[in-house]
Amino acid sequence: WNMSPLTNDTTPQTYDEYLSELQTIFAKLRRIVKVGGYIVIVAANFKSTFATTFAWDLCRAISSVLRFEHEIVVCWDDADNEVESSEYEYFQSYCLVFSNLALD
């Protein structure tokens, strides 16, 4: 990463630091969500010259601060794929469902 997309800081940031920042944000969010409430995060794995595992990595990071309940897979057909002009492509997203319940 050339800069933090969360803080607009130009200090170089690693992928793990980026995930850690997201984890911190959701830990703070947990404090204001009603106990038993839900948080849904939409994320995707992207494919360029190789496939990323961003959605799964994000789920793993957030699972340490919120309880992972399940995922909902949303499939997109080519007509709905708005990333076509990009170097990246995706055809499905994951709605990662977390609850503000005790972690197992």
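**Inside a predicted fold: questions and answers**

Q: Is Cys95 buried or exposed?
A: The relative accessibility of Cys95 is 16%. The cut-off for a buried residue is under 20%, so Cys95 is classed as buried.

Q: How many disulfides does the count come to?
A: A disulfide needs a pair of cysteine sulfur atoms within 2.5 Å. By this rule, the number of disulfides is 0.

Q: Which pattern do the helices and strands follow along the sequence?
A: Let's start with the inventory: the chain holds 2 helices and 3 strands. Read along the sequence, these elements give the pattern α-β-α-β-β.

Q: Which element gives the most to the largest nonpolar core?
A: This core has 19 residues, and those touching the most other members are Phe26, Ile41, Phe54, Leu58, Ile62, Leu66 and Phe98. Two or more residues come from each of helix 1 (15-30), strand 1 (38-43), helix 2 and strand 3. The top contributor, with 6 residues, is helix 2.

Q: Which residues does Phe26 contact, leaving aside its neighbours within four places in sequence?
A: Phe26 is among the core residues that touch the most other members. With those sequence neighbours left aside, the contacts of Phe26 are Ile39, Ile41, Ile62, Val65 and Leu66.

Q: How far apart in space are Ala55 and Ile41, C-alpha to C-alpha?
A: Ala55 lies in helix 2 (residues 54-62) and is buried, with a relative accessible area of 0%. Beyond four places in sequence, Ala55 is in contact with Ala43, Ala44, Asn45, Tyr94 and Leu96. Ala55 and Ile41 are 14 residues apart in sequence, and their C-alpha separation is 9.3 Å.

Q: What is the relative accessible area of Ser99?
A: Ser99 sits in strand 3 (residues 92-99). Not counting residues up to four places away in sequence, Ser99 touches Gly37, Tyr38, Leu66, Arg67 and Glu69. Ser99 is buried, and its relative accessible area is 1%.

Q: What share of the chain's accessible surface belongs to carbon and sulfur atoms?
A: Of the 104 residues in the chain, 32% are buried. The accessible surface of the chain is about 7000 Å², and the carbon and sulfur share is 56%.

Definitions and conventions. Residues are numbered from 1 along each chain as its sequence is written. This is a predicted model: local features need pLDDT of at least 70, side-chain atom pairs count only at pLDDT 80 or more; totals for chains, interfaces and linings use all residues. Side-chain values use heavy atoms; hydrogens and water are left out. Helices (H or I, at least four residues) and strands (E, at least two) are DSSP runs, numbered from the N terminus. Buried means under 20% relative accessible area, exposed over 50%, partly exposed in between (1.4 Å probe, protein chains only). Contact means heavy atoms within 4.5 Å. Accessible areas come from the Shrake-Rupley method with a 1.4 Å probe; for residues, only the protein chains shown count as cover. A nonpolar core is a set of buried Ala, Val, Leu, Ile, Met, Phe, Trp, Tyr and Cys residues joined through side-chain atoms within 4.5 Å.
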